[in-house]
Amino acid sequence: MTTRTDAPTRREQILKEAARLFAERGFHGVGVDEIGAAVGISGPGLYRHFPGKDAMLAELLVGISERLLAGGQLRVSEDAACADGSPQALLDALIEGHIDFALDDRPLITLHDRELDRLRDADRKRVRQLQRQYVEVWVEVVREMYPELPEHEARAAVHAVFGLLNSTPHLGRPGAQPDRAGTAALLHRLARGAFEAAARA
């Protein structure tokens, strides 16, 4: 996947600060003026970008679900187009992609856990639909890697690995881990170990 090098848009800046503030103080503990101050604009100025906090929350949670699914599907298509692609390399790529999310977007994990029920029904259903599709991308790859693993056990293992990787908010404040590369490597070993243990059972 290509790495983005251009500066974030004002809209993206607003979403990033909203995610951080919502995660720190809770959705109802943050006002529009505080989000505006965090990005250097007036609270009312935010309404040129979003109709309100509810819209920010929906875009954050639906948006990250779309990004994860798109990233997983892209890795699968890239592996299929690669002459020396393999289930192991693809599974490692999926794990690495999710670890990047888990380390770099920790406030979104907290938001999902705490605030998903605040979304409108349509948005909440969309998040769940995207998440199910993302799980199935992983299940297919896991079963290619471990064909002896029954589908229902592969799905349970994928959910367990997501729980493990998404534990990063408990590592401390975002940016506080002293060794990102070391943390990423540890999470990767744990995830691979979980799948291998499931296949051996």
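Colleague: How many aromatic pairs does the structure hold?
Modeller: There are 5 aromatic pairs in the structure. In one of them, Tyr134 with Trp138, the ring centres are 6.1 Å apart and the planes lie at 75°, so the pair is edge-to-face. Rings of Phe, Tyr and Trp (its six-membered ring) pair if their centres lie within 6.5 Å, and planes under 30 degrees apart count as stacked, over 60 as edge-to-face and the rest as tilted.

Colleague: What kind of model is this?
Modeller: This is a predicted model, in which local features need pLDDT of at least 70 and side-chain atom pairs count only at pLDDT 80 or more, while totals for chains, interfaces and linings use all residues. Residues are numbered from 1 along each chain as its sequence is written, and side-chain values use heavy atoms, with hydrogens and water left out.

Colleague: Back to that pair: which helix holds Tyr134 and Trp138?
Modeller: Both sit in helix H6 (residues 121-145), and because they are 4 residues apart there, about one helical turn separates them. Helices (H or I, at least four residues) and strands (E, at least two) are DSSP runs, numbered from the N terminus.

Colleague: How do H3 and H6 cross?
Modeller: The axes of H3 (residues 53-81) and H6 come within 9 Å and cross at roughly 20°, which means that H3 is roughly parallel to H6. Axes are lines fitted to C-alpha atoms, for helices over the stretch in contact, and angles run from 0 to 180 degrees between N-to-C directions. Angles under 35 degrees count as roughly parallel, over 145 as roughly antiparallel, 65 to 115 as roughly perpendicular and the rest as oblique.

Colleague: Which residues meet there?
Modeller: Among them are Leu61, Leu69 and Val76 in H3, and Leu130, Val137 and Tyr134 in H6, where contact means heavy atoms within 4.5 Å. The residues of this contact of H3 with H6 divide into 11 nonpolar, 5 polar and 3 charged. Here Ala, Val, Leu, Ile, Met, Phe, Trp, Tyr, Cys and Pro count as nonpolar, Asp, Glu, Lys and Arg as charged, and the others, Gly among them, as polar.

Colleague: What about H1 and H5?
Modeller: H1 and H5 (residues 106-115) pack at about 55°, with their axes 8 Å apart, so these two are oblique as well. Their contact includes Ala19 and Phe22 of H1 and Leu108 and Leu111 of H5.
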